[in-house]
Amino acid sequence: MTLLDLAGVSFAYGGGKTILQNIDLSIQAGSNLGIVGESGSGKTTLLKLLLGLERVSAGTVSFRDQSLNTGNRSFMRGFRRSVQAVFQDPYSSLDPRQRVFDIIAEPLRSLKIETDIANAVADALRDVDLPGDAARRYPHEFSGGQRQRIAIARAIVAKPDIIIADEVVSALDLSTRTRIIDLMRTLSSRMTFIVVSHDIALVALLCEQLVVLEKGLIVEKGVTRDLLVRPAHPYTQKLLASMPRMPRAG
Amino acid sequence: MSTLLSVDKLEIRTPGRTLVSDISFSIAAGERIGLIGESGSGKSLTALAVLGLLPEAMRVGGSILLDGHQVIGARDRDLVPLRGASIAAVFQEPMTALDPLMRIGHQVGEVVRRRATRDGTACGREEVSQRVLALLERVALPEAHRIARAFPHEISGGQRQRAAIAMALACRPKLLIADEPTTALDVTTQMEILKLLEGLVRHEAMGLLFISHDLPVVASVATRALVMRHGRLIEEGPVATLFDQPSHPYTKSLVAAARAFDTALEMAP
């Protein structure tokens with residue numbers, strides 16, 4: 001089932017420079033998609049389009065075969081419930097004045113989802129392996145990795161179909177990074193991830209499908225394994241060759 | 001080879017807490033050492049201590065002998081000539097090393113001039129600008145003339161880091177400290193900067209203390225590595241041995257995590 005679909009999408013800011021050109025993408029339920037690109041590739045803009053935060057200059061974005069209509073409030077509410085996001089910086093993405101309970105409950109309240117909020121928050125905390133009493137505390141009491149878990153709990157509380165993860169582990173230490181990746185893997189049995197990152201290894205760990213973005217164009221896309229084994233485009237080859245590797249054992 | 005840096009039982013404390021304790025290691029002339037640690041491990045504090053740049057509120061114990069000079073307890077007046085001649089540093093964010101209001105060529109030129117004055121061979125304006133262009137070319141900046149006239153915000157992050165490296169090179173230091181110099185860069189740029197650094201340091205026979213949380217990055221520039229955790233040195237050895245047969249459980253976990261990323265690249269899910 002196609003959840004999100006971009007067809008012939010282009011984007012330019014205020015008639016200025018073209019940021020994205022002719023993007024065709026489709027996100028299938030149950031198949032995680034990785035979007036890899038470096039600075040200036042347009043991946044942040046693509047993410048905004050996927051979240052419905054910017055409007056395309058050309059082409060269409062559709063959600064469950066319906067064109068994204070930012071004017072239709074009930075449609076957008078359903079869209080927001082289904083598509084949630086987690087961002088890179090665990091320090092700036094959580095409101096420091098709110099208790100964790102209210103941070104996690106926020107999507108339920110703003111989307112007016114009829115449910116037992118206390119239970120939903122408790123479930124979400126359990127899903128991200130945080131203790132129940134975390135709900136009463138404030139973000140500053142948590143480490144970077146724990147804050148990212150709180151951000152993930154907020155993203156999953158409304159039981160979305162898609163989570164867009166934008167460089168979610170880039171700011172974390174290696175050992176914390178590994179644990180968050182494990183958590184995302186566990187969660188991906190229940191929802192589909194779109195992983196946006198400059199790190200092709202992270203994407204390889206989490207995603208079945210891969211898209212390589214360079215200067216606003218998709219230069220290569222396909223099944224992650226095939227793409228890693230036989231990268232066709234010179235830029236994909238360069239990206240792979242640039243990944244620092246561990247010295248060979250032995 | 002002669003010892004360039006010798007750190008013995010280094011301890012760094014604030015009034016309430018010990019941040020770094022019992023750190024001992026040495027770097028020989030021309031040796032390339034990696035210092036591995038996660039956030040809060042004390043790796044950057046150790047580097048700042050070697051540079052004599054710790055905040056005054058911190059108490060420092062032990063000994064740091066840099067090029068024959070004791071750094072701990074030394075007056076800043078005595079440390080200033082040491083920085084530049086014996087030691088120079090490159091940090092994660094090149095913008096912090098560059099003056100945003102000064103053209104790149106001018107900034108590199110200032111270091112060239114100071115180094116020349118210190119050597120007692122004051123050089124004229126033409127000579128300085130020649131050397132600046134040579135340095136910019138040395139760090140593989142394209143169109144050295146254009147970059148020399150550019151302000152920091154007019155060039156890319158990778159180019160800024162190259163400019164910062166050019167400034168460090170202009171000092172002709174015996175030891176270069178590089179603290180996460182590629183963490184803020186794109187992977188393709190990172191690879192270029194790592195190759196550049198490794199080549200320059202080897203060619204100039206400089207010592208290198210390369211600080212990073214990233215194991216494969218350390219492996220690409222260093223021959224020996226130290227692992228720090230919670231302010232202590234927990235393991236050290238040649239990179240090949242350390243990454244192949246780590247003995248401390250913490251090092252083992254870091255190596256396993258790094259290898260998982262490598263494996264992912266070779267064999268996707």
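Predicted model: local features only at pLDDT ≥ 70, side-chain atom pairs only at ≥ 80, totals over all residues.

Me: What is the mean pLDDT of chain B?
Reply: In chain B, 99% of the residues reach 70 or more. For the complex, the predictor gives a pTM of 0.87 and an ipTM of 0.80. The mean pLDDT of chain B is 92.

Me: Which radius of gyration does chain A have, and what does the globule rule give for 250 residues?
Reply: Chain A has 9 helices and 10 strands. Its radius of gyration is close to the value of the rule, so chain A is as compact as a globular protein of that length. Along the principal axes, its C-alpha atoms fill a box of roughly 60 × 50 × 35 Å. The radius of gyration is 18 Å, and the rule gives 18 Å.

Me: What share of the residues in chain A is buried?
Reply: A residue counts as buried if 20 or more other C-beta atoms lie within 10 Å of its own. Chain A has 250 residues, and the buried ones make up 44%.

Me: Which strands stand at the edges of the open sheet in chain B?
Reply: This sheet of chain B has 6 strands with mixed pairing, in the order E6-E7-E8-E3-E9-E10. An edge strand here has a single partner, so one side of it is left without a neighbour in the sheet. Neighbouring strands of the sheet are turned by 15 degrees against each other on average, direction ignored. In chain B, the strands at the edges are E6 (87–90) and E10 (232–238).

Me: Which residue in E8(B) stands opposite Arg32(B)?
Reply: Strand E3 of chain B covers residues 32–36, and strand E8 of chain B covers residues 207–212. The two pair in the parallel sense over 5 bridges. Opposite Arg32(B) stands Leu208(B).

Me: Which element gives the most to the side of chain B that touches chain A?
Reply: In this contact, 30 residues of chain B meet 25 residues of chain A. Helices H7 (187–203), H8 (215–221), H9 (239–244) and H10 (249–266) of chain B each give two or more residues to that side. With 10 residues, the element that gives the most is H10(B).

Me: How many nonpolar residues does the side of chain B that touches chain A have?
Reply: Sorted by class, that side of chain B has 6 polar and 6 charged residues. The nonpolar residues there number 18.

Definitions and conventions
Residues numbered from 1 in each chain as written. Chains lettered and ligands numbered in written order. Helix = DSSP H or I, 4+ residues; strand = E, 2+ residues; numbered from the N terminus. Rg over C-alpha atoms; globule rule 2.2 N^0.38 Å. Buried ≥ 20, exposed ≤ 12 C-beta atoms within 10 Å, placed from the backbone. Pairing = 2+ DSSP bridges. Axes fitted to C-alpha atoms, helices over the stretch in contact; angles between N-to-C directions. pLDDT = per-residue confidence, 0-100. Contact = placed C-beta atoms within 7 Å. Nonpolar A, V, L, I, M, F, W, Y, C, P; charged D, E, K, R; others polar.
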